[in-house]
Amino acid sequence: MRVDCHVHIDCTYLGGLIYGGDKTDLAAMAKEFKLNRMMVSSAKAIMYDFVEGNTDTLRLMKDLPDRVWGYCVLQPRFGELALKEFDRCVVQGGMKGVKLYPVLPLWAADEASIEPMMEKIARARVPSLIHPTPVEPFFKLADRFPDAPLILAHMGGGGGLQGLVGPIHEAKKHDNVYLDTATSHFDANAIEEAVRVVGADRVLYGSDFPLLEPAAQMAKVSSAKIKEEDRRLVLGENMNRLVKGRKV
Ligand SMILES: [Zn+2]
């Protein structure tokens with residue numbers, strides 16, 4: 001079972017792109033990298049209107065039912081609307097995860113508005129992919145909601161934010177934290193170090209397609225000097241286990 005835990009649609013909302021990231025691009029990427037599933041969130045939902053963007057993701061799930069598992073993007077400052085959106089997309093709509101982008105001025109991972117939303121997510125054991133800017137509030141969130149599986153996007157670094165070594169070692173202290181391998185920096189031994197420190201069962205392959213080049217992201221994992229059984233966990237068995245563990 002091969003799963004990419006970090007894929008987007010509607011990427012014109014994030015700018016600077018070579019691919020548009022429509023269903024044709026995603027289907028071709030899945031075929032090229034032999035992915036059984038892609039976990040997809042809408043950049044429109046992240047940057048502009050989360051209800052409209054999530055509706056795009058629901059449509060994509062219908063268009064590519066054998067390839068796409070949706071992430072529901074939530075914006076906690078919308079209060080009741082965010083809670084209803086979780087019900088619409090995850091409980092009724094069949095999305096498998098939640099994507100959170102707690103970057104100021106949108107919102108911050110440790111602010112009070114997130115409480116009711118995170119309680120709902122934790123109760124349902126739904127995995128959440130969370131952008132790490134910065135990482136400190138993310139780890140506070142992991143402590144406050146130990147039942148919620150939280151995926152630290154970009155292994156806590158990448159994108160020029162900060163190094164990977166600190167977040168990898170911090171992740172080890174939090175049993176509910178998982179590391180997404182999609183990074184725009186290619187630090188030597190990053191995958192080996194993540195597997196060695198937090199364990200192969202908490203590292204998840206992600207490409208951040210179409211923002212990052214999937215061939216490069218896949219090469220990091222396929223060439224990593226780790227056991228074949230660990231590579232299988234990273235390339236999809238872990239994400240599949242998280243999805244199967246939901247109580248929705
Ligand atoms: Zn992303």
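Which residues have the most contacts inside the largest nonpolar core? In this predicted model, they are L152 and L179, and the core to which they belong has 72 residues.

**View 1. L179 and its surroundings in the largest nonpolar core.** Leaving aside residues up to four places away in sequence, L179 touches L152, M155, I168, A171, A194, V198, R202, V203 and L204. Among these partners is L152, which together with L179 has the most contacts inside the core.

**View 2. The packing of helix 7 against helix 8.** Helix 7, residues 165-172, and helix 8, residues 190-198, pack with their axes 9 Å apart and at an angle of about 25 degrees; since angles under 35 degrees count as roughly parallel, the two helices are therefore roughly parallel to each other. Helix 7 passes helix 8 in a right-handed crossing. On the side of helix 7 the contact is made by I168, H169, A171 and K172, and on the side of helix 8 by E193, A194, V197 and V198. Sorted by class, this contact has five nonpolar residues, two charged residues and one polar residue. Of the residues named here, I168, A171, A194 and V198 are also touched by L179.

View 3. From C-alpha to C-alpha, L83 and I121 are 9.5 Å apart in space, although 38 residues apart in sequence.

Notes. Residues numbered from 1 in each chain as written. Predicted model: local features only at pLDDT ≥ 70, side-chain atom pairs only at ≥ 80, totals over all residues. Axes fitted to C-alpha atoms, helices over the stretch in contact; angles between N-to-C directions. Helix = DSSP H or I, 4+ residues; strand = E, 2+ residues; numbered from the N terminus. Parallel < 35°, antiparallel > 145°, perpendicular 65-115°, else oblique. Left-handed = near helix turned anticlockwise from the far one by under 90°. Contact = placed C-beta atoms within 7 Å. Nonpolar A, V, L, I, M, F, W, Y, C, P; charged D, E, K, R; others polar. Core = buried A, V, L, I, M, F, W, Y, C linked by C-beta atoms within 7 Å. Buried ≥ 20, exposed ≤ 12 C-beta atoms within 10 Å, placed from the backbone.
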